[in-house]
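Here is a short report on one protein chain. Keep the structure open while you read.

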Amino acid sequence: MNLPELGAFLRTRRDRIRPADVGLPKGPRRRVPGLRREEVAQLAGLSADYYAELERGSAKNGVQPSPQTLAALARALRLNGDERDHLFHLAERPVLPRSAHGSSAHVQPALLGLLDRLSNTPARVITDLHETLVENDLARNLLGKSPVHRGPAASFVYRWFTEPQAREIFPPEDHPHHSRVFVADLQAAAARRGRDTEATKMIAVLRRRSREFTALWDTHDVAVRRMDHKKIVHPTLGVIELDCYNLLSEDGRQRLLWFAAPPGSPGAEQLELLSVTGTQELSVAEGMAPERLSAAESGSHR
């Protein structure tokens with residue numbers, strides 16, 4: 001692993017990004033035009049100390065970034081495809097495919113640009129298999145931190161039918177509705193992907209593990225979800241009623257998801273409070289990678 005070159009590359013990529021590019025205020029005391037180290041760490045879900053070690057390029061503390069950490073840094077630093085591959089090569093890690101799906105997918109620039117402009121709105125970019133790729137602070141405050149998983153468990157739809165605690169975010173009386181919506185949306189995604197092994201494997205496992213999923217899948221109902229009204233159970237603010245919108249990428253493989261409420265409604269007032277409530281600590285948010293724990297402990301679906 002070429003740690004000095006890796007650190008130098010990260011520094012140069014950090015220096016070229018302006019705070020406004022990622023929705024951060026410029027601030028009167030900023031001495032450099034680019035991002036600070038702690039800001040990159042926050043955007044990537046890492047601890048500031050861990051990221052600082054990466055930039056220093058020192059091997060004395062045994063810094064060994066995982067492919068998932070590198071993918072998170074690539075998103076935070078807005079790396080293009082060639083830069084992302086270069087980052088993986090410097091770290092001597094196998095380059096994860098730059099497909100439009102999977103928990104390590106390269107977020108489509110248009111959706112990422114829109115997400116950056118939604119600083120006052122809970123928003124995240126997800127795949128058509130409902131894997132969270134990137135999200136803003138308000139989304140984490142509203143929905144809890146997205147767990148770090150690989151394979152089928154990276155999908156919220158998969159966890160919805162296999163992990164009872166995943167459903168705690170919605171009132172029990174709404175669970176049948178969400179089950180139907182998730183399966184109908186997944187039907188459309190699976191057909192669009194064709195012989196895609198990721199979707200095929202997930203569906204096969206769900207059919208084995210969930211009678212509810214199997215029954216709904218066999219109805220063959222299909223509907224791409226573009227808008228829905230949701231009641232979200234928040235541990236501090238109680239039940240929040242919001243409208244959920246989806247903007248799909250051209251190929252349908254990724255979507256920008258955001259939440260809004262009519263002005264003056266209880267939901268709008270609750271959204272205003274989200275910025276001061278802090279990130280909810282739900283059981284569905286457990287499973288973070290070890291090298292990201294210190295960031296979560298320091299305070300760093302739906």
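## Salt bridges

The side chains of E53 and R56 meet in a salt bridge, at 2.8 Å from N to O. The model behind this value is predicted. Both residues belong to helix α3 (residues 48–56). They sit three residues apart, about one turn of the helix. An α-helix has 3.6 residues a turn, so residues three or four places apart point the same way. E53 has 14% relative accessibility, so it counts as buried.

E39 and R36 make another salt bridge, with 3.4 Å from N to O. E39 counts as buried at 10% relative accessibility. R36 counts as partly exposed at 31%. Side chains of opposite charge can pair when their charged atoms come close. The count for the model comes to 16 salt bridges.

## A link across the chain

Which residue forms a salt bridge with D128? The partner is R193, and the closest N and O atoms are 2.5 Å apart. This pair links distant parts of the chain. D128 lies in the loop between β1 and β2, while R193 lies in helix α9, 65 residues apart. Both D128 and R193 are buried. Salt bridges with shared partners join D128, R192, R193, D196 and E198 into one network.

## The sheet

Five strands form an open sheet. Their order is β2-β1-β5-β4-β3, and the pairing is antiparallel. Strands of a sheet pair through backbone hydrogen bonds, either parallel or antiparallel. Which strands stand at the edges? They are β2 (132–135) and β3 (227–234). Each has a single partner strand, so one side of each is left without a neighbour in the sheet. Neighbouring strands are turned by 30 degrees against each other on average, direction ignored.

Look at one pair in detail. Strand β1 (residues 123–127) pairs with β2 over three bridges, in the antiparallel sense. V125 has V134 in β2 as its bridge partner.

## A helix across the strands

Helix α6 (residues 109–116) lies across β1, β2, β4 (238–248) and β5 (254–260). The helix runs at about 15 degrees to β5. Its buried residues are L111, L112, G113, L115 and D116. These pack against α4 (67–76), β1, β2, β4 and β5.

## Nonpolar cores

In soluble globular proteins, nonpolar side chains tend to be buried together. The largest nonpolar core here has 37 residues. Which of them touch the most other members? They are L142, F161, L186, F213, I232, L242 and F259. Several elements each supply at least two residues of this core, among them α7 (137–143), α9 (175–193), β4 and β5. A second, separate core has 26 residues, including A41, A44, L73 and A74.

## Two positive phi angles

R78 has a positive phi of about 55 degrees, although it is not a glycine. R78 lies in the loop between α4 and α5 (81–90). With a relative accessible area of 24%, R78 is partly exposed.

H130 is not a glycine either, and has a positive phi of about 65 degrees. H130 is in the loop between β1 and β2. Is H130 buried or exposed? H130 is buried, with a relative accessible area of 0%.

## Confidence

The mean pLDDT of the protein chain is 81. Of its residues, 82% reach 70 or more. Over residues 99–104 the pLDDT is below 50. Beyond near neighbours in sequence, this stretch has 29 contacts in the model. The pLDDT is also below 50 over residues 279–302. That stretch has 69 contacts beyond near neighbours in sequence.

Methods
Residues numbered from 1 in each chain as written. Predicted model: local features only at pLDDT ≥ 70, side-chain atom pairs only at ≥ 80, totals over all residues. Heavy atoms only, no water. pLDDT = per-residue confidence, 0-100. Contact = heavy atoms within 4.5 Å. Pairing = 2+ DSSP bridges. Helix = DSSP H or I, 4+ residues; strand = E, 2+ residues; numbered from the N terminus. Axes fitted to C-alpha atoms, helices over the stretch in contact; angles between N-to-C directions. Buried < 20%, exposed > 50% of the residue type's maximum accessible area, 1.4 Å probe, protein only. Core = buried A, V, L, I, M, F, W, Y, C linked by side-chain atoms within 4.5 Å. Salt bridge = Lys/Arg side-chain N within 4 Å of Asp/Glu carboxyl O.
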